[in-house]
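Student: I am new to this structure and would like to go through it by question and answer. Please show it to me, and then I will start asking.

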Amino acid sequence: MTSSKQGPLLCVLLCVGSGCAGADGLEDVQEAPSESYAPSEKGALGPLIAFHKDAVHAGFFWDALGRPEILFWMRPSEYRGTDVVDPTIGPIGELKDSFREFVYGGFRTMERNVQSRIKDDIARENTLVFDISHPDAFANRGKYDVRDLDEADFALNAAAFSDRGSSAGLNYNVFCAGNTTLPDGRWLVVGGHDKSGNQGIRKINIFDPLTKTWVFRTVPPVKAAFDVDPTIRFPDLHPDARDERNTDPPAAGDMRYQRWYPTLVTLPDGKVLILSGSDQDSSVGPDEAPSTRMHQVVPEVYDPATDTTVALENARKLLPLYPRSFVVQTGRDRDDWKVAVAAEADPPLPPGGESPQGEPSGYNGNTYLFDVRAALADRRRDERGERHWRLVDRADFAHEDGASAAMFELDRRGQPISQRIALFGGDAGNGDDVAAVEMIDLSERRPRWRRQDDLIRPAKESNAVVLPDGKVLIVGGRGAPDGEEEINTLEYQLFNPDSGEIKTVAKTTVPRHDHSTLLLAPDGSVYSMGGNRVDLVPEDSTLGVPVLQVYKPAYMFMGSRPVIERVPEEISYRRSFEVKLDAPCRSAGSVAILRTDPVTHNWSWGNRYVKLSFDRTSRCNLKVHAPASGATAPGGNYLLFVLDDRGVPSEAKRVRVGE
């Protein structure tokens, strides 16, 4: 083990971005966890970096200058922390009863995560942008234990974070919403949180990366009154928060149904499919509302061209919350696509198509292909039914609250060679946590789920991200094996979809499960963020503070990397494009694009790995064959990587894929 006197060397080796703080205070630097292997074998996990709110929803966007930044939020996303918490009381601040009464209508706020021993951060809005290009963005003092971070650690990179909630036009609580990106790069955020869990909203919110503002939506009367009178000096000014017209006022762009925990799928035509979600009646108050809970069974389709939705009453289906769903190609033509949806309620939707009250008793691994185009064209679209769903196969487990990954490979014509979906752990569907990993290739004539190697232990609420080399990194989770006490998974696991094998590559000190997020960065590293602040130090929730940790895979320690000199900013379907590499050039091994949708609640949303076919036209020039349609690569922003013959990737270039 190294001694604390070697602190400066530790900073040079392990800190990321702009590195550690200066030499002052290095006596407080912790030692890195010792490992018996070289980074070129399993990679390296860096120290903790202050993050100034919980990153429950998070993702990359590109600003007007083409620079990558991260938008993220926690609850209540449309307020700042001091609206909810009085930071002058106690070591972490005290929740305000007035906020609970006048904004949440007496519902339990569940906002303990807004409290913090980093008092300066309470005053920030709960929706922020992290500028990863800021010179201080990754400044840190080499610490690996959340308990040891203090105000000085958070001051190091405070300038890299800026408010982007209410001050940027956000008027709704988009915590527990569905999120995806549109083909033009804007974020679509659907549904959300109305006062309490399971109470959804009809609103569709849009974040514009070019202006870093939210598209205007009608300000709810409850928020309008609070903005004028945040100290509640005039109680009569504040409308009844239990009346949903005051928290989710009707507007032209609304969905037909209120949703909490819905799934979004960006479709090949640029529209967005909306599935599932829950709601309950808040007007009856916090004691009675849970008895009114129900799942939304009617899909809707949002059209960004008209800012409207269409409800598909003819295609009802009782699904889990946040169902894992993926658009896939089912034929050779551009319109031959469907949406694969894994898991269904068990028992399923009863005859008549009415959603039962309460939570379904369980879920199974039934996997369907949903024909969205047929449902939209159906003349009986407004008639209640359960049409346009075709059962493909049944996985051994439902994998509810489990991680997932989508991995596609295309041929020279841009057609799919394989369309693999992997599901990791989760709830079996009956309340039991499992370690099982299952994978299906939806390009096969008869797609079937096949078991892979298990995770190291049963776990739900883990996150997964596909790396540029096609392997999948799985981080975090928690589970109770055989009904025993719940265990946090601290290991980072790497899944090889070609062999089905899983191996451990790193271990953290930070529990990451519920509300944690995982993002692939443009340099090929992985950012682990989020989780509830109160869960990050299990033995004392008051000590938890939000932190980022960067994992650098082994390929970042294997010597020189390819360098992309030139690539077009836009890639058109069915056309080839040129990629020029800086000399000297090793033999290129693969080219891949990875979609960069925002993530939340432990699954990968629209993110997918797409391996492209290419020809080498000269020593440093590649002719790469684009996807044939949006069925395999829905329009939007992607990271393009070129890997050499060792499997070492370049840093990515952002490209826009579309017509």
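Student: Which hand does the link of cysteine 585 and cysteine 620 have, right or left?

Tutor: Note to begin with that this is a predicted model. Cysteine 585 and cysteine 620 are joined by a disulfide, with 1.9 Å from S to S. The angle about the S-S bond is 110 degrees, and the link is right-handed.

Student: How many residues apart are cysteine 585 and cysteine 620?

Tutor: Cysteine 585 sits in the loop between strand S37 (576-581) and strand S38 (588-595). Cysteine 620 is in the loop between strand S41 (614-618) and strand S42 (621-625). The pair links distant parts of the chain, 35 residues apart.

Student: Is cysteine 620 buried or exposed?

Tutor: Buried means under 20% relative accessible area. Cysteine 620 has a relative accessible area of 9%, so the word for it is buried.

Student: In S40, which residue is the bridge partner of alanine 592?

Tutor: Strand S40 (residues 609-612) is joined to strand S22 (residues 403-410) by three bridges, and these two run parallel. In that pairing, phenylalanine 408 has valine 610 as its bridge partner in S40. S38 and S40 run antiparallel and are joined by four bridges. There, the partner of alanine 592 is lysine 611.

Student: In S19, what is the bridge partner of serine 325?

Tutor: S18 pairs with strand S19 (residues 337-345) in the antiparallel sense, over six bridges. One of the pairs involves serine 325, and its partner in S19 is valine 341.

Student: How many residues apart in the chain are arginine 334 and glutamate 659?

Tutor: Arginine 334 and glutamate 659 form a salt bridge, with the closest N and O atoms 2.6 Å apart. Arginine 334 lies in the loop between S18 and S19, while glutamate 659 is in the segment after strand S44 (653-658). The pair links distant parts of the chain, and the separation is 325 residues.

Student: Is glutamate 659 buried or exposed?

Tutor: Exposed means over 50% relative accessible area, and partly exposed lies between that and the buried cut-off. Arginine 334, at 46%, is partly exposed. Glutamate 659 has 60%, so it is exposed.

Student: How many residues apart in sequence are the parts that arginine 80 and aspartate 163 tie together?

Tutor: The side chains of arginine 80 and aspartate 163 meet in a salt bridge of 3.7 Å, N to O. Arginine 80 is in the loop between strand S3 (68-73) and helix H3 (81-84), and aspartate 163 is in strand S7 (residues 161-163), so the parts tied together are separated in sequence by 83 residues.

Student: How many salt bridges does a search of the whole structure find?

Tutor: Another example joins the side chains of arginine 124 and aspartate 121, at 3.2 Å from N to O. Arginine 124 is buried at 14% relative accessibility, and aspartate 121 is buried at 7%. For the whole structure, the search gives 47.

Student: Which residue takes a positive phi in the hairpin of S30 and S31?

Tutor: Strand S30 (residues 491-496) is largely enclosed by the rest of the structure, because five of its six residues are buried. S30 runs antiparallel to strand S31 (residues 501-507), with six bridges joining them. The hairpin has four residues between the strands, and the residue with a positive phi, near 80 degrees, is glycine 500.

Student: In S30, what is the bridge partner of valine 475?

Tutor: S30 also pairs with strand S27 (residues 472-475), in the antiparallel sense and over four bridges. For valine 475, the bridge partner in S30 is tyrosine 492.

Student: Which residues make the nonpolar surface patch of about 310 Å²?

Tutor: One member, phenylalanine 234, lies in the loop between helix H7 (221-228) and strand S12 (263-266). At 48% relative accessibility, phenylalanine 234 is partly exposed. The patch is made by Val228, Phe234 and Leu237.

Conventions: Residues numbered from 1 in each chain as written. Predicted model: local features only at pLDDT ≥ 70, side-chain atom pairs only at ≥ 80, totals over all residues. Heavy atoms only, no water. Patch = residues over 30% accessible without salt bridge, like charges linked within 9 Å, V, L, I, M, F, W, Y side chains within 5 Å. Areas by Shrake-Rupley, 256 points an atom, 1.4 Å probe, with all protein chains shown as cover. Salt bridge = Lys/Arg side-chain N within 4 Å of Asp/Glu carboxyl O. Buried < 20%, exposed > 50% of the residue type's maximum accessible area, 1.4 Å probe, protein only. Pairing = 2+ DSSP bridges. Disulfide = S-S within 2.5 Å.
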